[in-house]
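Please look over the sequence and the fold below.

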Amino acid sequence: MNTLPHFLVIPFPIQGHVNPLMQLSQVLTKHGCKVTFLHTEFNHNRSKTGGSASGLDKINVVTLPDGLEHEDDSSDIKKIMLSVKSTMPSRLPKLIEDVNALDVNKNNKINCIIVTFNMSWALEVGHKLGIKGALFHPASATCLACGVCIPKLIEDGIIDSEGNPTKEIQISPDIPMMDATNIPWHGLDKIFFDHILQEIQTINLAEWWLCNTTHELEPGVFSISQKFLPIGPLIESNNNKNSLWQEDTTCLDWLDKQKPQSVIYVSFGSLVVMDQNQFNELALGLDLLDKPFLWVVRPSNDNKVNYTYPNDFHGSKGKIVGWAPQRKILNHSSIACFISHCGWNSTIEGVHAGVPFLCWPFLTDQFLNKSYICDVWKIGLELEKDDNGFISRQEISKKVDQVVGDDDIKEMCLKIQKMIINSIVEGGQSSNNLQKFISWTNN
């Protein structure tokens, strides 16, 4: 038997998968485990300029090519998915062999592979080599449950073979009802739906489906399969060394100068692209506020901003940055609310910080997360589109005032914050689940 578990962790190479898996890796090293983190060569080079995952001293970083050419668009998820799947599987056995060859005492070889969704092919590679496997799901447990339930939903005639719902869906009694727009694959190319079906089959090779959530946040999910194991929220040190963009930390000094609970924080994650007209409305909506704002306007991969600011935008009350240390910001005493796309990482970070949300979902699981925030946990409000399909500057201004002045929402934020913090302290449910997983790896 190995003296320590040795995990090979393999994220799908986008920020929303790399970040939480690196957080899990940090937690595992604190429990005395050995972790080898597999980056694509492209992301490893980016992270060295953006903040460097390799700066995390206890984690061994290795790389493989993703098959993309330099000029390829590294935000094209479909292209990344197909390229990774055709390039990396054949190279993985040799990489495992090379990592194990460095183990001079022969007692600390890789004995478990952890992958994120879209990388289940690595579970097949591990299975053939006799290595245990686990899935780490970077979106909500409910999002994964939706995928797991696809075959039954088709069989019951609730969705057709292309994933389109014929009526509202509720996959479990404690899970919000979902209309067509709430389904995580809504609006995606058919190739994505087929890919999800394939992934769902392959992830059955994993003994555990680890989720960055707590039992209390999504109680309806865990009866769907014994494989679900909530181990979150994974909020490792605020020292975020795994960002693929350069973080602008000047915003923290700026926040220090603002009044408590006065700043509106605006960020839409690493993938959302906004229409220029909608961008204009957002800019002018922030101008209407009688509060300071901190706005993250993400550059493209060549560090250019793809938007132009409207001529009548002043921005004098705010600060605009290209990328920011989000967890530090959300935990800062000056933050009043979070205008968010409701990606799961942002959702879990905001919940952990006890910050009210204004929800502005764009794609995939973000609509489902919005339902939890607004309807189940009651810690935020939805920004609603007008007849032209835009969220107007007036709506932004009105809802900011509404959410910041709502004492019931603030009270719920603090209640849920306390609940999930209790889950990750020693003896809490998520903490115990993580210990159970580590023990399983070593048996």
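The buried residues of helix H5 (residues 121-128) pack against both strands and helices. The strands are S1 (6-10), S4 (112-116) and S5 (132-137). The helices are H3 (77-87), H4 (92-101) and H8 (190-202). This is a predicted model. Which residues of H5 are buried? They are Trp-121, Ala-122, Leu-123, Val-125 and Gly-126. An α-helix has 3.6 residues a turn, so residues three or four places apart point the same way. Just after H5, Gly-130 takes a positive phi of about 75°.

Now the sheet. Six strands form an open sheet, in the order S10-S9-S8-S11-S12-S13. The pairing is parallel. Strands S10 (318-321) and S13 (380-382) stand at the edges. Each has a single partner strand, so one side of each is left without a neighbour in the sheet. From one strand to the next, the twist averages 15°.

Helix H10 (residues 276-288) touches S8 and strand S9 (293-296). Its direction makes about 160° with that of S9. H12 touches S11 and S12, and its direction makes about 155° with that of S12.

Next, strand S11 (residues 335-340). Is S11 enclosed or open to the outside? Six of its six residues are buried, that is, under 20% relative accessible area. S11 is therefore largely enclosed by the rest of the structure. Strands of a sheet pair through backbone hydrogen bonds, either parallel or antiparallel. S11 pairs in the parallel sense with strand S8 (residues 263-267) and with strand S12 (residues 357-359). The table gives the bridges.

| Strand pair | Sense | Bridges |
|---|---|---|
| S8 and S11 | parallel | five bridges |
| S11 and S12 | parallel | three bridges |

Single residues can be followed across these pairs. Tyr-265 has Phe-338 in S11 as its bridge partner. The bridge partner of Ser-340 is Cys-359 in S12. From S11 the chain crosses through helix H12 (residues 344-353) to S12. This β-α-β crossover is right-handed.

Terms used
Residues are numbered from 1 along each chain as its sequence is written. This is a predicted model: local features need pLDDT of at least 70, side-chain atom pairs count only at pLDDT 80 or more; totals for chains, interfaces and linings use all residues. Side-chain values use heavy atoms; hydrogens and water are left out. Buried means under 20% relative accessible area, exposed over 50%, partly exposed in between (1.4 Å probe, protein chains only). Helices (H or I, at least four residues) and strands (E, at least two) are DSSP runs, numbered from the N terminus. Two strands pair if DSSP finds at least two bridges between them. A crossover is right-handed if, with the strands pointing away from the viewer, the path from the first strand over the helix to the second runs clockwise. Axes are lines fitted to C-alpha atoms, for helices over the stretch in contact, and angles run from 0 to 180 degrees between N-to-C directions. Contact means heavy atoms within 4.5 Å.
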